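Subject: Handover of a structure and notes on its side-chain contacts

Dear colleague,

Please find below the structure that I am handing over to you. My notes on it follow directly after.

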Amino acid sequence: QLKERYGDPVDGWMNRIYWGDNLQVMSHLLKEFRGKVDLVYIDPPFDSKADYKKTITLHGKTANSDGTSFEEKQYTDIWSNDEYLQFIYCRLIIIRELLSERGTLYIHLDAHKSHSVKLILDEIFGVNMFINQIAWKRASTVKGNTGQGSKFFGDNMDYLLVYTKTDSYIFNNIYTPY
């Protein structure tokens with residue numbers, strides 16, 4: 001895996017960027033960081049059924065990406081239900097191993113799979129380690145539709161599911177004036 005380092009070391013720590021499949025990268029990180037990570041935020045694919053192929057037109061000629069490059073495969077979000085849930089399950093198992101006893105996981109999902117992923121999280125972390133579901137209202141939908149149609153409600157919510165490894169988790173209160 002290609003690894004880049006940024007900044008100056010602080011107390012022996014150096015910021016790092018790993019390039020590659022996150023399952024392989026996290027497996028590699030287990031050697032050094034098992035049980036030491038206090039916070040994980042992930043924004044996995046939403047199983048949106050979107051195929052992010054590119055079409056480029058230059059000087060009147062059009063070219064389509066063939067989906068064979070590494071980057072293209074990383075951003076194709078087309079799964080069967082079982083493939084998607086297995087993809088998420090494998091990563092959540094490793095994330096639990098990386099979390100410290102005071103660690104917290106925030107996972108960003110939309111309404112299509114949040115219910116299924118919550119059941120997986122309940123299995124891996126335990127039902128009692130579910131802390132909250134945070135609803136996040138976007139200003140508009142991906143398609144630019146901010147309201148509802150004649151046959152549908154507007155799709156402008158994402159969710160953060162929050163789980164901890166133990167009851168002794170870190171929580172920093174956020175206060176805002178009324």
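Predicted model: local features only at pLDDT ≥ 70, side-chain atom pairs only at ≥ 80, totals over all residues.

Residues are numbered from 1 along each chain as its sequence is written, and side-chain values use heavy atoms, with hydrogens and water left out.

Aromatic rings

A pair of aromatic rings is described by the distance of the centres and the angle of the planes. Rings of Phe, Tyr and Trp (its six-membered ring) are taken as a pair if their centres lie within 6.5 Å; planes under 30 degrees apart count as stacked, over 60 as edge-to-face and the rest as tilted. The count by this rule is 3 aromatic pairs. One of them is the tilted pair of Phe 125 and Tyr 163, with 5.8 Å from centre to centre and 45° between the planes. This pair links distant parts of the chain, 38 residues apart: Phe 125 belongs to helix α4 (residues 114-125) and Tyr 163 to strand β10 (residues 157-164). Helices (H or I, at least four residues) and strands (E, at least two) are DSSP runs, numbered from the N terminus.

Tyr 163 also pairs with Phe 130: the ring centres are 5.3 Å apart and the planes stand at 55°, so this pair is tilted. Here, too, distant parts of the chain are linked, since Phe 130 lies in strand β9 (residues 130-137), 33 residues from Tyr 163 in strand β10.

For accessibility, buried means under 20% relative accessible area, exposed over 50%, and partly exposed in between (1.4 Å probe, protein chains only). Tyr 163 counts as buried at 0%, and Phe 125 is buried as well, whereas Phe 130 is partly exposed at 26%.

Charged side chains

The charged end of Lys 118 sits over the ring of Phe 130, 4.1 Å from its centre; the rule asks for NZ of Lys or CZ of Arg within 6 Å of the ring centre and within 35 degrees of the ring normal. Lys 118 also forms a salt bridge with Asp 122 (3.2 Å, N to O). Both residues lie in helix α4, 4 residues apart, about one turn of the helix. Asp 122 is buried at 14% relative accessibility, while Lys 118 is partly exposed at 23%.

A salt bridge is a side-chain nitrogen of Lys or Arg within 4 Å of a carboxyl oxygen of Asp or Glu, and the count by this rule is 5. Another of them joins Glu 97 and Arg 34, with the closest N and O atoms 2.8 Å apart. That pair links distant parts of the chain, 63 residues apart, with Glu 97 in helix α3 (residues 81-98) and Arg 34 in the loop between α1 and β3 (37-42).

Helix packing

Helices α3 and α4 pack at an angle of about 35°, with their axes 10 Å apart. Axes are lines fitted to C-alpha atoms, for helices over the stretch in contact, and angles run from 0 to 180 degrees between N-to-C directions. The contact (heavy atoms within 4.5 Å) includes Tyr 84 and Leu 85 of α3, and Ile 124 and Phe 125 of α4.

Yours sincerely
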